[in-house]
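Here are my notes from going through this one. Have the viewer open while you read, and follow along point by point.

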Amino acid sequence: MVYLSRNLSELRDEKQFKYHPKCSKMNITHLSFEDDLLIFAKGDLTSVGLLHRKFGNFTDASGLQANKSKSAIYFGGVPDPLKYDIQQLLGYGQGELPFSYLGIPLATRKVKMVEWKPSISKITARVASWVAKKLSYAGRVQLVKSVLFGVQSY
């Protein structure tokens, strides 16, 4: 994965590559965690094609391939004809926003309270199991901190 990360980071030197608008200030092309990979680019054929070529270089070098049945493309503000062209280029299906990644809802807009409900329910359930115990105020604060940190770390 280090090779892939280096390969994708080289895109900053490509003049034709355009970052996703929310990623340009920090030069982010991708995020990876374990065997998951999120790749970001502006929704144009040139930028997506360059990303696809870099990922292809990784595939050729490592023999690892993306599972097309478990992978999807997510669009925000891209016209339908261009979406179709990008899907034809890459061969992945289109996913719908918002989607949940590691339990956190991801969207192109501010996430609504109703979309946070599953995460809030998990946190509340973990803390509620300790309510019956006789804990001091400081103990409860420590419990809440540890639960929140655990959820955040996961």
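**Notes on the model**

1. Let's begin with L37, which counts as partly exposed because its relative accessible area is 27%. The terms work like this: buried means under 20% relative accessible area, exposed means over 50%, and partly exposed is in between, using a 1.4 Å probe and protein chains only. You'll find L37 in strand 2, residues 36–39. Helices (H or I, at least four residues) and strands (E, at least two) are DSSP runs, numbered from the N terminus. Setting aside residues up to four places away in sequence, L37 touches L4, H30, L31, S32 and F55; contact means heavy atoms within 4.5 Å. L37 and A66 are 29 residues apart in sequence, yet their C-alpha atoms are 9.5 Å apart in space.

2. A word on what you're looking at: this is a predicted model, where local features need pLDDT of at least 70 and side-chain atom pairs count only at pLDDT 80 or more, while totals for chains, interfaces and linings use all residues. Residues are numbered from 1 along each chain as its sequence is written, and side-chain values use heavy atoms, with hydrogens and water left out.

3. Now the overall layout. The protein chain has five helices and six strands. Going along the sequence, their pattern is α-β-β-α-β-α-β-β-β-α-α.

4. How about its dimensions? The radius of gyration of the protein chain is 20 Å, whereas a compact globule of 154 residues would have one near 15 Å. That radius is taken over C-alpha atoms, and the globule rule is 2.2 Å times the number of residues to the power 0.38. Along the principal axes, the C-alpha atoms fill a box of roughly 60 × 35 × 30 Å. Buried residues make up 23% of the 154 residues. Among contacts with a separation of 6 or more, 41% are between residues 24 or more positions apart.

5. As a general rule, nonpolar side chains tend to be buried together in soluble globular proteins.

6. Which residues is F17 in contact with, leaving aside its neighbours within four places in sequence? They are L11, T29, F40, A41, S47, L50 and L51.

7. T59 is in helix 2 and counts as buried because its relative accessibility is 17%. Beyond its neighbours within four places in sequence, T59 is in contact with L64 and Q65. K83 is in helix 3, and K83 counts as buried because its relative accessibility is 17%. Not counting residues up to four places away in sequence, K83 touches F75, V78 and Q94. K83 and I73 are ten residues apart in sequence and 9.2 Å apart in space, C-alpha to C-alpha.

8. Y74 lies in the loop between strand 3 (72–73) and helix 3, and is called partly exposed because its relative accessibility is 35%. Y74 touches G95, E96, L97 and F99, not counting residues up to four places away in sequence. From Y74 to G93 is 19 residues in sequence and 9.0 Å in space, C-alpha to C-alpha.

9. Then there's N27, in the loop between helix 1 and strand 1 (30–33). N27 has a positive phi of about 55 degrees, although it is not a glycine. N27 counts as partly exposed because its relative accessible area is 40%.

10. Last, the charges. The mean positions of the 22 positive and 12 negative charges of the protein chain are 14 Å apart. Lys and Arg count as positive and Asp and Glu as negative, leaving out His and the chain ends. Each charge is placed at NZ of Lys, CZ of Arg, CG of Asp or CD of Glu.
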